[in-house]
Number of protein chains: 2
Amino acid sequence: MASVSPRRSAAEARRTRERIIERSVALASLEGLEGLTIGRLASDLGISKSGLLGHFGTKEALQIAALERAAVIFDREVWRPAADAAPGLARLRAVCTTWISYLERGVFPGGCLFVASTFEYDGRDGPVRDLLRRQFGAWRRRLVADVRVAAGRGELPPDTDPEQVVFELNGILMSLNHTIQLYGDTGAAARARRAVDRLLPPPPAGPAGPQRPGESGTPSKPA
Amino acid sequence: MASVSPRRSAAEARRTRERIIERSVALASLEGLEGLTIGRLASDLGISKSGLLGHFGTKEALQIAALERAAVIFDREVWRPAADAAPGLARLRAVCTTWISYLERGVFPGGCLFVASTFEYDGRDGPVRDLLRRQFGAWRRRLVADVRVAAGRGELPPDTDPEQVVFELNGILMSLNHTIQLYGDTGAAARARRAVDRLLPPPPAGPAGPQRPGESGTPSKPA
DNA sequence: CCTTATAGCGACCGATCGATCGGACTCTAT
DNA sequence: ATAGAGTCCGATCGATCGGTCGCTATAAGG
């Protein structure tokens, strides 16, 4: 009678919802979006199944909320730290650095949630897969745009095919993800960096600037 | 009473077992190794759950049988068609060709079962994951050996790091797998081929042999 | 021919799945 | 003060999960 603790202000509810989503993201990266079960999640958080599901309605809505949160985290961990670099090669290389680090540090305990989810949703379609498609598309477009800038500025060969570069970049990062997840070998990050260097050669670091003199871009040491 | 059909010779039982495994592989590539459910599988095949499980004992044993069968298929579709090429660059390139084709043709309806399973078994360990590790290890070792041969024969730069090359090859193929599965874009196979060409440059196709004169290897047109 | 091994069945197990319900409770707005 | 909205609960739903059991009918082996 006294043990029931039904505290529930609007702010508290928001916090509860946050906790649910946060835990969902971590759990989903380990067990998969489908392996996420309401019962387990609820008992993990010390709340009831109905109380949990009340925030989302259906499991699918929870999955989508988790994916959207994962995108926010990805943006925070990978894109934003590199966003200030000069568009073009500099930013591409900066993004690759943060991207590799994001896998190396294990931001998601079970590896990149997007990659895992894609393979999980191989066959079936539906809102979850649609969202995944959109998220990957947006990310790819960002990278392609910067490759195009880099090629236009002469930082990459003029015959560069932007989509091709992004295709290969994605492969490098997926291979890293795969190696880390299967063998726990974070040393593979060095391999990924080498592969990136081959694909996006660093500008010559001579005392004289590269080829675009007036550019403030090329970060020498952005703190 | 009359509808029960308990035919069961040793040969018939073997065939039943084969049918189960075959269907399991296809289903697992679509729904995941864990998404494989005994009930669904049984009703798909028109047999009872207990009759199915009697062949394997546990679901885990069935998953392992499916993975082992998938390895046989992979070997048949990817390795064997290329195995006769000369060890070294020629065979590496041949393997990449069959490998890409294997993804392009959708040998497994849900993409490469090994890759999907790896990400599915991110967190948890156990016999399934151990098997995955061994299978990937064997495949990687094969490729590394051929890269080493190629480097030793001067078909690749002498400072080539074999593990690095295989790491990047794996990435290319995983990126292809990913693109096909998420967008159904088999056109990405061309991108994968271009990436392979960059990583494993084809030998100069001049009228004179490459650099190793007495070698019968370098297949000009092996039919 | 008769015994033994076994393939496959139907019935059933406890556990858990996602989801629904009515109610207890506390905020917030009037 | 009171009404309404919203949060979270316990109980419960039907379905399905992996797995077990006893049984029957046959094939295989002596």
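## Before we start

Residues are numbered from 1 along each chain as written, and chains are lettered from A in the order in which they are written. Because the model is predicted, local features need pLDDT of at least 70 and side-chain atom pairs count only at pLDDT 80 or more, while totals for chains, interfaces and linings use all residues; side-chain values use heavy atoms, without hydrogens and water.

## Where the chains meet

Let's begin with the meeting of the chains. The size of an interface is often given as the accessible area lost when the parts come together.

A salt bridge is a side-chain nitrogen of Lys or Arg within 4 Å of a carboxyl oxygen of Asp or Glu. One links R198(A) to E168(B), with the closest N and O atoms 2.8 Å apart.

## A bridge across and a bridge within

R194(B) pairs with D161(A) in a salt bridge, at 3.1 Å between the closest N and O atoms. This pair crosses between chains, from helix α9 of chain B to the loop between α7 (127-152) and α8 (162-183) of chain A. R194(B) is partly exposed at 42% relative accessible area, and D161(A) is partly exposed at 26%. The terms work like this: buried is under 20% relative accessible area, exposed is over 50%, and partly exposed is in between (1.4 Å probe, protein chains only).

Inside chain B, R93(B) and D197(B) form a salt bridge (2.8 Å, N to O). R93(B) sits in helix α5 (residues 89-104) and D197(B) in helix α9, so the pair ties together parts 104 residues apart in sequence.

## The nonpolar core

The largest nonpolar core has 132 residues, and L200(A) is one of those that touch the most other members. Such a core is a set of buried Ala, Val, Leu, Ile, Met, Phe, Trp, Tyr and Cys residues joined through side-chain atoms within 4.5 Å. Leaving aside neighbours within four places in sequence, L200(A) is in contact with residues including L89(A), C96(A) and L169(A).

Note on methods:
Contact means heavy atoms within 4.5 Å. Helices (H or I, at least four residues) and strands (E, at least two) are DSSP runs, numbered from the N terminus.
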